[in-house]
Amino acid sequence: MHPFSFTKVSDTREALDAARDGGRYIAGGTTLVDLMRETVERPETLVDISGLPLGEVTVTRRGGLRIGALVRMAEAAAHPKVRSLYPVISQALELSASAQLRNMATIGGNIMQRTRCTYFRDVSADCNKREPGSGCAALHGVNRTHAILGTSDDCVATHPSDAAVAFAALEAQVHLLGPDGGRQVPFAGFLLKPGSTPNREQALRRGELITAVEIPALPRPLRSGYLKVRDRQSYEFALASAAVALHIRGGVIRDAYVAAGGVGTVPWKLPAVEAALVGERPSDRLWAEAADRAANGARPLQHNRFKVELLKRTVERQLRTVGDST
Ligand code: SF4
């Protein structure tokens, strides 16, 4: 591990000052410390923000939900308001990582976590994300778990977060605080597709701090849920996943919110699937027809062609689970 300085801060102004010259924020540390041990990340300054007052879950005036950046994954998953208003978030969190990690890791850290591409974590491999311009060992290597959507010729790594898939589906906003004040960024624009700069992963300005994720007040009643398909039943990343929320009134789907995980370089919103659902009555035929659009634009690699069909089936199954529930 490379030497670094460590500063613990107690308010946001102090945090912004401490990170002004390129310091990295750390809270639960469940990703960053691993990467530092492997010398994938070599920050010179760590700013410990775990003491900041960003650990609340609150219902907004409009009836949405604001989840503080320092709320632990386990706390968010178990929170009565998260469970009752947006079960898709609770389920996504509970299907993530291990109980120990969920007790440490925060919501802010969860959406900031970096890819599990094995070449990214192997400092002897070519990786444009870790070392811009060095190449991508996954393109012609073992790429079974890699992305089929949102890829580029420079990077095909998936985003690993489950919660981020639920946030993308629900059209959340990310609250940021920086040296120039606060701002909100739609979740869809916060995590960046790799393009020609896979090393740039979030739409963060220098020194900006995530303070919260806000879920808008969506039409009610809203049924929602998360399905994760993986190689083993626990402590594993998704091969494909689906976050689904449906507003059904009078037997007709009025609004649909659908996103997929495990298949995209970012959590993958599925507007074509949503459009196929809205205005229709739930039926097995509808679920199949809508899900058939889930892989539109997919570019599979040598070892992950199976993800095209797996994605469609995962979305279909979760549409049926949520849509047929009472
Ligand atoms: Fe690196 Fe992305 Fe290629 Fe993986 S897929 S080796 S993270 S550039």
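This tour visits a pair of helices, a pocket and a salt bridge in a predicted model.

**Stop one: two helices**

Select residues 284-291, which form helix α12, together with residues 306-323, which form helix α13. The axes of α12 and α13 come within 8 Å and cross at roughly 145°. The crossing of these two helices is right-handed. To view the contact from the α12 side, show the side chains of Asp-284, Trp-287, Ala-288, Ala-290 and Ala-291.

Next, turn to the second largest pocket, which holds about 390 Å³ of space. Which residues are the closest to its centre? Select Arg-116, Thr-145, Thr-158, Glu-236 and Phe-237 to see them; they belong to a lining of 25 residues. Within the lining of this pocket, nine residues are nonpolar, 11 are polar and five are charged.

**Stop three: a salt bridge**

The whole structure contains 20 salt bridges. For one of them, select Glu-201 and Arg-114, whose closest N and O atoms are 3.1 Å apart. Where do these two partners lie in the chain? Glu-201 is in the loop between α10 (187-190) and β8 (209-215), whereas Arg-114 is in the loop between α7 (107-112) and α8 (118-121). The pair therefore ties together parts that are 87 residues apart in sequence.

Key:
Residues numbered from 1 in each chain as written. Predicted model: local features only at pLDDT ≥ 70, side-chain atom pairs only at ≥ 80, totals over all residues. Heavy atoms only, no water. Axes fitted to C-alpha atoms, helices over the stretch in contact; angles between N-to-C directions. Helix = DSSP H or I, 4+ residues; strand = E, 2+ residues; numbered from the N terminus. Left-handed = near helix turned anticlockwise from the far one by under 90°. Contact = heavy atoms within 4.5 Å. 1 Å grid on protein atoms, 1.4 Å probe; cavity = no way out; pocket = protein on both sides within 12 Å on 5 of 7 lines; lining within 4 Å. Points joined across faces, edges and corners; volume = space filled by probe spheres on them. Nonpolar A, V, L, I, M, F, W, Y, C, P; charged D, E, K, R; others polar. Salt bridge = Lys/Arg side-chain N within 4 Å of Asp/Glu carboxyl O.
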